[in-house]
Amino acid sequence: MIDLNKVQKKLVGPIFPIITPFLNGPNYDIDYSSLSKYIKFLYDNGAKVFYVMTYNGRFSLLSWEEMKSINEFVAKEVKSLDSECVVIVADPMTNPTSVSVDFAKHAEEVGADVISLIFMERYHFDDQVYDHFKTVADSANIGILIHEQNLDSIRGNIRYPLGLLDRLADIENVIAIKEDSKDALFSEKIIELLSDRLNIVISGRGKRQFIHFNNMGCQSHLVGVGSFSPSLSIKFHEAYNSKDMETCWGIINEIERPFFEIGMKYGWHPVLKSAMEEFGLMSRTERAPLCKLPNSQHEEVLSVLQNMKKSKYWS
């Protein structure tokens, strides 16, 4: 039996997404050798919470069986390194509730602690969304993280209704929410409403956003540059906890901000893959229809990385 209270208490500080590497043809299979080495690299440099996310995990490019394989591989690799680490896996991006139930049961079987659930069906009623999450939650003894982002509705994209989130937070094994609206004012409302019950994982805008929202009750955030320099994320949080704000803002302004700018210019996911290749962590090869950056843009990313490493806060 998973001790969900214990798991929830560990969802603090930096959370490290798992990025799926691919071999360079002919079928662009998942590169499990590089993935194993990457997990070990993250762990050796301080990572304690590992998150297989739909986007960084390239779930839009994988079959359901491949998604399960990634979930299982990450769970077993991480737990073989340290059983006290937390592993968050994911369900597909578009699927019926029955498939999410299947993924939750599989996640429990392979030793994951939490499954991240994303609702991508068109929204019509609160009960429709609530029943989906409740059905999955009731199916397995595993923590549930709600990947909250805009809902597609008959009126276009809308925010999750706060009343709906309030109900979801009371489902027994819902322990966390990934706040992915990219709307600061809405994030504040969610933190105020839910942080006494759920761990809030803030996504987007990096460490400067975490500083702002942590003061309101947000407990954790997804790393960005920490994907290829995990020790930098650990250094930031040690500085933050010791109130060394000079170091915190030095890391943000001299390292994180320049990388985020190039990520916004050319697209976060291919830019991050370029950085991963430069640091010898995995090939920037992607599976179609996703593509790697053209060489000219890749070289621009490398130039940004070289300037980042000149900062006194890098080491």
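In the predicted model, Asp-152 forms a salt bridge with Arg-122, the closest N and O atoms lying 3.4 Å apart; a salt bridge is a side-chain nitrogen of Lys or Arg within 4 Å of a carboxyl oxygen of Asp or Glu. This pair links distant parts of the chain, 30 residues apart, with Asp-152 in strand S6 (residues 151-153) and Arg-122 in the loop between S4 and helix H5 (126-139). Helices (H or I, at least four residues) and strands (E, at least two) are DSSP runs, numbered from the N terminus. Asp-152 is partly exposed, with a relative accessible area of 30%, and Arg-122 is partly exposed at 38%. Here buried means under 20% relative accessible area, exposed means over 50%, and partly exposed is in between (1.4 Å probe, protein chains only).

Residues are numbered from 1 along each chain as its sequence is written, and side-chain values use heavy atoms, with hydrogens and water left out. As this is a predicted model, local features need pLDDT of at least 70 and side-chain atom pairs count only at pLDDT 80 or more, while totals for chains, interfaces and linings use all residues.

A search of the whole structure finds 23 salt bridges. One of them joins Lys-79 to Asp-113, with the closest N and O atoms 2.8 Å apart. Lys-79 lies in helix H3 (residues 64-81) and Asp-113 in the loop between helix H4 (97-110) and strand S4 (114-118), so the pair ties together parts that are 34 residues apart in sequence. Lys-79 is partly exposed, with a relative accessible area of 21%, whereas Asp-113 is buried, at 10%.

Another salt bridge is formed by Asp-170 and Arg-197, whose closest N and O atoms are 3.0 Å apart. This pair also links distant parts of the chain: Asp-170 is in the loop between helix H6 (162-168) and strand S8 (174-179), and Arg-197 is in the loop between helix H7 (184-194) and strand S9 (199-202), 27 residues apart. Asp-170 is exposed, with a relative accessible area of 55%, while Arg-197 is partly exposed, at 25%. Both residues belong to a network of salt bridges that links Asp-166, Asp-170, Asp-196 and Arg-197.

Eight strands form a closed barrel in the order S1-S2-S3-S4-S5-S8-S9-S10, with parallel pairing. From one strand to the next, the twist averages 25 degrees; axes are lines fitted to C-alpha atoms, for helices over the stretch in contact, and angles run from 0 to 180 degrees between N-to-C directions. Two strands pair if DSSP finds at least two bridges between them. Strands of a sheet pair through backbone hydrogen bonds, either parallel or antiparallel.

Strand S1 (residues 13-18) is mostly covered, as six of its six residues are buried. S1 pairs with S10 in the parallel sense over three bridges, and Ile-15 stands opposite Leu-222 in S10. S1 is also joined by three bridges to strand S2 (residues 49-52), and the two run parallel. In S2, Val-52 is the bridge partner of Ile-18, and Tyr-51 is that of Pro-17. Both faces of S2 are covered, with Val-49 and Tyr-51 buried on one side and Phe-50 and Val-52 buried on the other. Three bridges join S2 in parallel to strand S3 (residues 86-90), where Ile-88 is the bridge partner of Tyr-51. A right-handed β-α-β unit is made by S1, H2 and S2, and another by S2, H3 and S3. A crossover is right-handed if, with the strands pointing away from the viewer, the path from the first strand over the helix to the second runs clockwise.

The largest nonpolar core has 94 residues, of which Phe-228 and Phe-259 touch the most other members. Helix H10 (residues 245-266) gives the most to this core, with seven residues. A second, separate core of 15 residues includes Ile-15, Val-114, Ile-175 and Leu-222. A nonpolar core is a set of buried Ala, Val, Leu, Ile, Met, Phe, Trp, Tyr and Cys residues joined through side-chain atoms within 4.5 Å.

In helix H11 (residues 268-278), the buried residues are Pro-270, Val-271, Leu-272, Lys-273, Ser-274, Ala-275 and Met-276. Their cover includes helix H2 (32-44), H10 and helix H12 (295-308), where contact means heavy atoms within 4.5 Å. H11 is followed by Gly-280, which has a positive phi, near 70 degrees.
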